[in-house]
Amino acid sequence: MIPAFTVAQIRDAEAVALRQDSNGALMRRAAGELAGVLVDLLLDRLGSPLPGRRVVVLVGSGNNGGDALFAGARLRRRGLAVTAVLAADRAHPAGLAALQRAGGRVVRRDPQSSARG
């Protein structure tokens with residue numbers, strides 16, 4: 001059996017960590033870990049240098065979306081072409097700015113597309 005935590009337990013643990021994280025270090029750490037895992041996966045699968053490769057990041061409106069944007073900025077600095085597709089009307093402002101500063105591309109969804117079904 002694999003032990004698991006409930007959603008409530010995870011949220012409680014995150015709340016404590018987020019209250020103690022006044023400078024955003026937790027999000028930057030998560031983004032760094034995510035970018036590192038992605039680089040390892042790409043190198044394992046492609047077996048070739050990363051510069052020039054393309055990555056698409058699907059970004060939600062919450063903190064996980066911020067993690068994705070900061071990870072995209074790190075990947076961009078590693079030479080990958082990064083496009084962030086915003087799946088919501090808003091995105092984490094600091095993460096969005098970091099990606100844009102790094103030269104990443106941002107695509108905003110068409111709000112009419114969800115109305116068309």
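I take a nonpolar core to be a set of buried Ala, Val, Leu, Ile, Met, Phe, Trp, Tyr and Cys residues joined through side-chain atoms within 4.5 Å, where buried means under 20% relative accessible area with a 1.4 Å probe, protein chains only.

I note that this is a predicted model, in which local features need pLDDT of at least 70, side-chain atom pairs count only at pLDDT 80 or more, and totals for chains, interfaces and linings use all residues. Residues are numbered from 1 along each chain as its sequence is written, and side-chain values use heavy atoms, with hydrogens and water left out.

**Core.** I looked up the largest nonpolar core and found 22 residues, of which V57, V59, L69, L75, L80 and V82 touch the most other members. At least two residues each come from α2 (25–46), β1, α3 (63–77), β2 and α4. Helix α3 gives the largest share, six residues. Helices (H or I, at least four residues) and strands (E, at least two) are DSSP runs, numbered from the N terminus.

**V82.** I listed its contacts (heavy atoms within 4.5 Å). Beyond neighbours within four places in sequence, V82 contacts V55, V57, G72, L75, R76, L99, G104 and R105.

**Sheet.** I recorded an open sheet of three strands in the order β1-β2-β3, with parallel pairing; pairing requires at least two DSSP bridges between two strands. The edge strands, β1 (54–59) and β3 (105–108), each pair on one side only. Strand β2 (residues 81–86) is joined to β3 by four bridges, and L86 stands opposite R108 in β3.

Technical notes:
Buried means under 20% relative accessible area, exposed over 50%, partly exposed in between (1.4 Å probe, protein chains only).
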